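Dear colleague,

Please find below the structure that I am handing over to you. My notes on it follow directly after the display.

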Amino acid sequence: MSREREEAFWPTALSVLAWIGSQVHEPHCSQGVRFLLNTTGNHWKKGPDDPFGHDPSIPGWPWIDGMHSWTEPTALAVIALRATGHGDHDRVREAIRMMLDRQLPHGGWNYGNTLVFGRELHPMPESTGAALAALVCQVEQRTIARSIDYLQGEVDRLHTPISLGWGLLGLAAWDRWPSNGAALVERCVANQARYGEYDTSSLCLLFLGALAGERDMKSPLLLDLSCTQAPAVPAQ
Amino acid sequence: MSGHMDPTSRGGLTRRNLLLAGAAGLLLGSGVLLVPKRYFRMPQQTQSFVAKVAHYHLDIADAITRGIRELGVSSEELNGRRILLKPNLVETASGAPHINTHPLVLRGAIEAFLRLGAAKVMVAEGPGHRRDTLAVYEESGLADVLTEDRIKFHDLNYMTGYELPNAGRQSSMRTLTFPAIFQEVDWIVSVAKMKTHHIAGTTLSMKNLFGVMPGIYYGWPKNVLHHAGIENSILDINATLKPHFAIVDGIVGMQGDGPIMGDPKQAGVLVLGRNLAGVDATCCRIMGIDPYKVSYLERADNWLGPIGEGSIEQRGEAIASVRTNFNLIDTIPAQHGIRLT
């Protein structure tokens, strides 16, 4: 990204995650956390003619400043805030409510629309994995069981690093890392012969998904997201 | 004060005329006189080519080659050129290949442009709904085709960009950011799908260009463009990018609740042309839709291209011989009352 496009702030949550544990970057990390806590999307009360199914009034985070909140940037912000000890913040609680509102009736998440003109839209593995990772130990399993079922049914068909990486992280968060997970990761790595070399961030995501199974980690992105921990990174 | 003015010192204009002229100027300038802009536009002319192609295993390359030649594209225009094909890949769903441009149409277009002298053909897309572009590339079947044909695929969603002033000025966006690869190609070809759309009425070659805008700047599903207004954004992107050619896959299109949840509709056609508005107007007529009732096309008329039947010289098949009405959903406002009578 570039300084000229400051409205595209979605990498902030990823930066916060990258800075955790680095003393040198602690001021940047705190600044990132403050930014997330003080930033939201464009929200409004749903009107009778709005054709979509979700509640647009529940705050989350957008990809781009001034836009509506969507599934993945909200999941990333929740993971970053929980990882820095802000899991009890009102913004996180609201965001969890927002993500549950965006869960598809038959399971899974997509970019963030549930129904449009009365038709249920399709789920997507990368959105579902990110949402499941963000929601671990924040909601009862029965509320998201249908989404776990969806992702478990999909994981064997995932050939690409973003979908498989998030898919494995989401399943690992709920103790469902697949028994053939390592083989899936190997197949995905081998697919570079078909697609060309993966970029660094895709490759890192894939290997995080792999490590989530290897180490039997419950938490997303291999961080300890205890529900009650004190802020590890101060927001103010 | 104005009583001191001498009417004759204004070249024979009376003070009253001057005041009226000034008032009219102010009204025009402020847009109070809401005369549609199209009445001030010069009529334009274009051509579109319609090929009957009953199914995807026929010789699509031959149909596209024939169309490009029929449309008067010279060998000088293509010799040694680098061609970027932009398909419509949005998302995938089991049993719904009609969401996306069929990979065999891409293969046909690649073969046709290479046959006509292009030095290089590449395929590039930034899917609107999915962050995992490679997954859409794989699941749509395009990866099989391009791997076999050794054609490079580029993910536009994560590509850094270059800014251009918004030449369309329909939305409040001052600039538009296009992927850097566009600076390295000579032709940009929209290889779209023939679909109805629940917000825009139709999605054809012009709307397909939403996918060129990088997700890293515009979000998923291209939030900034939706916020700026879908119709405004379609016009702004087309006016600024100035694409060179369009091919619309109507062999099997989508009807009803497009662009994702609609039903397949076999129209058995490919529609080609240099002018995207003209191509889309022809597609509309084939689909049994009045292009003047599709708002963004009506606004594009005689600006980005003509949409009037008399302004588009039809090559190949006559529209009447291939027209097949696509189902419209009357309760969806964008599809209400747009049927061609």
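Helix α4 of chain A covers residues 90–101, and its twelve residues reach 17 Å from the first C-alpha to the last. That is close to the 16 Å expected at 1.5 Å a residue, where the expected span is 1.5 Å times one less than the number of residues. Helices here are DSSP runs of H or I with at least four residues, strands are runs of E with at least two, and both are numbered from the N terminus.

Please note that this is a predicted model, in which local features need pLDDT of at least 70, side-chain atom pairs count only at pLDDT 80 or more, and totals for chains, interfaces and linings use all residues. Residues are numbered from 1 along each chain as its sequence is written, while chains are lettered from A and ligands numbered from 1 in the order in which they are written.

Which residues of α4(A) are buried? They are A:V92, A:A95, A:I96, A:M98 and A:M99. A residue is buried if 20 or more other C-beta atoms lie within 10 Å of its own, exposed if 12 or fewer, and partly exposed in between, with C-beta atoms placed from the backbone. What covers them includes α3 and α5 (125–135) of chain A.

Chain A as a whole has ten helices and two strands, in the order α-α-α-α-β-β-α-α-α-α-α-α along the sequence. Its radius of gyration is 17 Å, close to the 18 Å that the globule rule gives for 236 residues, so chain A is as compact as a globular protein of that length. The radius is taken over C-alpha atoms, and the rule is 2.2 Å times the number of residues to the power 0.38. Of the 236 residues of chain A, 45% count as buried.

A:H43 lies in the loop between α2 (26–37) and α3 (71–83) of chain A. With 15 C-beta neighbours inside 10 Å, A:H43 counts as partly exposed. Leaving aside neighbours within four places in sequence, A:H43 is in contact (C-beta atoms, placed from the backbone, within 7 Å) with A:P56, A:S57, A:P59 and A:S69. A:H43 and A:S69 are 26 residues apart in sequence, and their C-alpha atoms are 7.7 Å apart in space.

The contact between the chains takes 25 residues from chain A and 25 residues from chain B. On the side of chain A that touches chain B, α7 (161–173) and α9 (192–195) each supply at least two residues.

In chain B, ten of the eleven residues of strand β7 (187–197) are buried, as are five of the six residues of strand β2 (82–87). Two strands pair if DSSP finds at least two bridges between them. β2(B) and β7(B) run parallel, joined by five bridges, with B:P87 opposite B:V191. β2(B) also pairs in the parallel sense with strand β3 (120–125) over four bridges. A hairpin joins β7(B) to β8(B) through three residues, and B:H197 has B:G201 as its bridge partner in β8(B).

Yours sincerely

Key
Two residues are in contact if their C-beta atoms, placed from the backbone, lie within 7 Å.
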